[in-house]
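Work through the exercises below with the sequence and the structure open. Try each task before reading its solution.

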Amino acid sequence: MNIIPAENYNDLSQKAAKFIIEFVQSKPDAVLGLATGGTPEGTYKYMVEDFNHNKTSYQNVRTVNLDEYVGLPVENPNSYHAYMYNHLFKHIDVPEGGCHIPNGMAEDLDAECKRYDQLISSLGGVDLQLLGIGHNGHIGFNEPGTSFEKRTHTVELTRTTRRANARYFDSLDEVPTHALTMGIKAIMESRQILLIASGKDKAEAMRRLIKEENISEDFPASSLQAHSHVTIIADREALSLAYNYERRA
Ligand SMILES: O=P(O)(O)OC[C@H]1O[C@](O)(CO)[C@@H](O)[C@@H]1O
């Protein structure tokens, strides 16, 4: 794993945006796998800033998002559709029809998962997958214990994850109990992966990801150890148990 240390959240966001922008500049028709959550907000902000100043074009880019809550309509501000539109899509020139997010309102969720998998393969797979990481090591919404063999599937969210995301809702009860997520199998098929993490509360998860060699479904992010092209951009607090800034080791 290639680790790019950042000083703080702002530095991490700038570095992650630069990484993605340079990727798109070198491959203007890239398929980008995108993530939601608090961590990528700064990354998207700097991508938008770059678009406004440098006009890096996303006209030929296609995007697939990792996940979506079950039961939140797209117009709900907490849906990941709304998140992506508000933080990124409405600010850049990516074509609306080229942006894909699982449909958590689908009547038949199994059929929706199959459709999403077919869509990803029809796009030729993901060139660069952006990931955040949950406190329990989840990537996408793949909670501990999820089989690494799964592609897009419905998950029941753990209480920890619902509690972590309750900050965006009026109460914990309003946080959906289920979500659709791309599975570890699909994430691992991405040609490149960029994982970003910020803050002290991610330090233990980063320690397990970087320092422990044990690949286990109990800690979904550990699957990334078997991927040959992973870059981690994380700040000092997130790397406090895993990386020596003084020795850059
Ligand atoms: O960036 P945050 O808000 O800490 O979230 C970390 C991870 O948790 C999720 O938001 C899901 O709970 C993921 O989408 C994200 O990668």
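The exercises cover confidence, an annotated domain, a ligand shell and a pair of helices in a predicted model.

**Exercise 1.** State how confident the predictor is in the chain and in the complex.

Solution. Start with the chain: its average pLDDT is 96. Next, 99% of the residues score at least 70. For the complex, the predictor gives an ipTM of 0.93 and a pTM of 0.96.

**Exercise 2.** Which residues does the UniProt domain feature cover?

Solution. An unreviewed UniProt entry places "domain: Glucosamine/galactosamine-6-phosphate isomerase" at residues 10–228.

**Exercise 3.** Describe the shell around the ligand by residue class.

Solution. First list the surrounding residues: A35, T36, G37, G38, T39, G132, I133, G134, F141, T161, A164 and N165. Then sort the shell: 4 are nonpolar, 8 are polar and none is charged.

**Exercise 4.** How do helices α1 and α2 pack?

Solution. Locate α1 at residues 9–26 and α2 at residues 40–54. Their axes lie 8 Å apart, at an angle of about 55°. Therefore α1 is oblique to α2. The crossing of α1 past α2 is right-handed.

Terms used:
Residues numbered from 1 in each chain as written. Predicted model: local features only at pLDDT ≥ 70, side-chain atom pairs only at ≥ 80, totals over all residues. pLDDT = per-residue confidence, 0-100. UniProt positions renumbered as here; feature names shortened; annotations may be inferred. Near = placed C-beta within 6 Å. Nonpolar A, V, L, I, M, F, W, Y, C, P; charged D, E, K, R; others polar. Axes fitted to C-alpha atoms, helices over the stretch in contact; angles between N-to-C directions. Helix = DSSP H or I, 4+ residues; strand = E, 2+ residues; numbered from the N terminus. Parallel < 35°, antiparallel > 145°, perpendicular 65-115°, else oblique. Left-handed = near helix turned anticlockwise from the far one by under 90°.
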